[in-house]
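Please look through the sequence and the model shown here, and then follow the charged side chains, a helix and the surface in turn.

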Amino acid sequence: MELPDLGGPCSEPACRRWDFLPLKCDACGEVFCKDHIRYDDHKCRSAYKKNVQVPVCPLCNMPIPVQKGEIPDAVVGAHMDKNCKYNPAEQKQRHICYLHQLFKTA
């Protein structure tokens, strides 16, 4: 018994493997085998629509917007050098009450 309508070929030109359970890329809409479904595996041109990560400043915990083509580490570094609102003098100091082993804020 043949099932000619079941599955489809991988859209990766170097692969074209027939897959009975092909996966559709949620960014570009093309069909791929399990080996090429990730954005990087098939060099998805629409990955920027779905693969969005926002770095967070390690000092002030603010999200740092990164434009397409910018290096996140460089943008966060520039934020830390210029726009970061972190001020260690404003941080509350915590004192330990050794008698009660409790943290108390000053």
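A salt bridge is taken here as a side-chain nitrogen of Lys or Arg within 4 Å of a carboxyl oxygen of Asp or Glu. The model is predicted, so that local features need pLDDT of at least 70 and side-chain atom pairs count only at pLDDT 80 or more, while totals for chains, interfaces and linings use all residues. Residues are numbered from 1 along each chain as its sequence is written, and side-chain values use heavy atoms, with hydrogens and water left out.

A search of the whole structure finds three salt bridges. In one of them the side chains of Asp35 and Arg17 meet, at 2.7 Å from N to O. This pair links distant parts of the chain, 18 residues apart, with Asp35 in the loop between β4 (31-32) and α1 and Arg17 in the loop between β1 (8-9) and β2; helices (H or I, at least four residues) and strands (E, at least two) are DSSP runs, numbered from the N terminus.

Elsewhere, Arg38 forms a salt bridge with Asp41, with 3.2 Å between the closest N and O atoms; Arg38 is exposed, with a relative accessible area of 57%, and Asp41 is partly exposed, with 23%.

Turning to α2, its buried residues are Val75, Val76 and His79. Seen down the axis of α2, they fall within an arc of 95°, so they line one face of the helix; the arc is that of the directions from the helix axis to the C-beta atoms. The face of α2 turned away from this buried side carries the exposed residues Asp73, Asp81 and Lys82.

In the loop between α1 (47-50) and α2 (72-82) lies Glu70, which counts as partly exposed at 38% relative accessibility. A polar atom of the Glu70 side chain lies 2.7 Å from the backbone nitrogen of Gln67.

Finally, Leu21 is found in the loop between β2 (18-19) and β3 (23-24), and counts as exposed because its relative accessibility is 69%.

Notes
Buried < 20%, exposed > 50% of the residue type's maximum accessible area, 1.4 Å probe, protein only. Polar contact = N/O pair within 3.5 Å; in protein donor to acceptor, adjacent residues only side chain to side chain.
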